[in-house]
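Student: I have a structure open and would like to work through it slowly, one question at a time. Could we begin with the words we will need?

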Amino acid sequence: MARVTERVGFIGLGAIGTPMARHVAGAFSVVVWNRTRAKATAFAAAHGAEAASTPRDVVSRCEVVITCLPTSREVAEVIAAAGDAWGTNHLLIDATSGDPVGSRGNAATLAKRGAAFVDAPVSGGTSGAEKGTLTVMLGGEAGPVERARRYVQPYAGKIEHVGPVGAGHALKAINNALLALNIVAAGEGLAALVKLGVPAKRAVDVINASSGRSNVTENLIPERVITRAWPRTFSAALLDKDLGVALAVLEDAGVSSEIYPAVKRFYAAARQVLDAGADHVEVVKRIEAAAGTEIR
């Protein structure tokens, strides 16, 4: 697809934001900003983009801005930093794994300036971002959501309007909580099977042909645990954060849970014995240590 001259802002060039921004830069003229300026400068040089000096600079030059930041708090800081540069034609598409309450607050702040907000978290990890096959969950009013579709399309394999502002972030949090739950459940079950003499690969092959299969058993366990590769693509700290958001979603909805708090406690405890940069799958190491075995 030929690049169009319309400028799109992209704020946040982390592990997943960088490949997302690269796809956007293939379709639009892009202005990037990152807290570490060297990243923005390097990206701009590599992908024919422009590096902005501040978030306000991005907003002043682009009517559509995509944010991909650690939490909704950082998004609020970016919104505040741009100040009165926001106007009635602006649309903020927030790809951050944020929280629904923060999203609603950010939408309300922008609405005072006449600007629109759509929460647009993604699922598919860094591999999906590299391939441009991410699932994008859009939360917002129909008009801004329809406007947002063409800007997220370059990195998306599936785009769904899931509800009002905050709904995308709520769904992403629950999705990630299910990921965490599956990692813990698969890790504990496989540790037991290995101790009983079942080779991990054989166990996984049977599970993946049966009703207990999941993305964790089909991909994460074979590619990261059994191989002992442990690549670092999404941190345990961020998944622990998402578990906290999921608990808040359940509380906000008035739904009680025993399983979600237990998984949250497990992740919080695992992070105490793992290093700060540990990947989300590395919590399996805590299961292995407690069981006195390795899942091989």
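Tutor: Let us start with a term: a residue is called buried when its relative accessible area is under 20%, exposed when that area is over 50%, and partly exposed in between. Please also keep in mind that this is a predicted model.

Student: Is C68 buried or exposed?

Tutor: The relative accessible area of C68 is 12%, and the cut-off for a buried residue is under 20%. Because 12% falls under that cut-off, C68 counts as buried.

Student: How many disulfides does the structure hold?

Tutor: A disulfide needs a pair of cysteine sulfur atoms within 2.5 Å. The sulfur of C68 has its closest cysteine sulfur in C62, 16 Å away, and is therefore too far for a bond. For the structure, the number of disulfides is zero.

Student: Which residue's backbone nitrogen lies 2.8 Å from a polar atom of the side chain of N34?

Tutor: N34 sits in the loop between β2 (28-33) and α2 (37-47), and N34 is buried there, with a relative accessible area of 11%. Leaving aside residues up to four places away in sequence, N34 touches G12, L13, K39 and A40. The backbone nitrogen that lies 2.8 Å from a polar atom of the N34 side chain belongs to L13.

Student: How many residues apart in sequence are E63 and L91, and how far apart are they in space?

Tutor: E63 belongs to the loop between α3 (55-61) and β4 (64-67), where E63 counts as partly exposed at 42% relative accessibility. Apart from residues up to four places away in sequence, E63 touches N89, H90, L91 and R147. From C-alpha to C-alpha, E63 and L91 are 28 residues apart in sequence and, in space, 6.3 Å apart.

Student: How far apart in space are A108 and I207?

Tutor: A108 is found in helix α5 (residues 100-111), and A108 counts as partly exposed at 39% relative accessibility. In sequence, A108 and I207 are 99 residues apart, and in space their C-alpha to C-alpha distance is 46 Å.

Student: With which side chain does the side chain of H280 make a polar contact?

Tutor: H280 lies in the loop between α12 (259-273) and α13, and at 5% relative accessibility H280 counts as buried. Not counting residues up to four places away in sequence, the residues that H280 touches include L179, I183, F234 and Y267. The polar contact, at 3.0 Å, joins the side chain of H280 to that of D279.

Student: At what angle do helix α8 and helix α13 pack?

Tutor: On one side of the contact are I183, V184, G187, E188, A191 and K195 in α8, and these meet V284, I287 and A291 in α13. By class, this contact has six nonpolar, one polar and two charged residues. Helix α8 covers residues 167-195 and helix α13 covers residues 284-291, and with their axes 9 Å apart they pack at an angle of about 35°.

Student: Is the crossing of α8 and α13 left-handed or right-handed?

Tutor: Here we stay with the pair whose axes are 9 Å apart, α8 and α13. Their crossing is right-handed.

Methods: Residues numbered from 1 in each chain as written. Predicted model: local features only at pLDDT ≥ 70, side-chain atom pairs only at ≥ 80, totals over all residues. Heavy atoms only, no water. Helix = DSSP H or I, 4+ residues; strand = E, 2+ residues; numbered from the N terminus. Buried < 20%, exposed > 50% of the residue type's maximum accessible area, 1.4 Å probe, protein only. Polar contact = N/O pair within 3.5 Å; in protein donor to acceptor, adjacent residues only side chain to side chain. Contact = heavy atoms within 4.5 Å. Axes fitted to C-alpha atoms, helices over the stretch in contact; angles between N-to-C directions. Left-handed = near helix turned anticlockwise from the far one by under 90°. Nonpolar A, V, L, I, M, F, W, Y, C, P; charged D, E, K, R; others polar.
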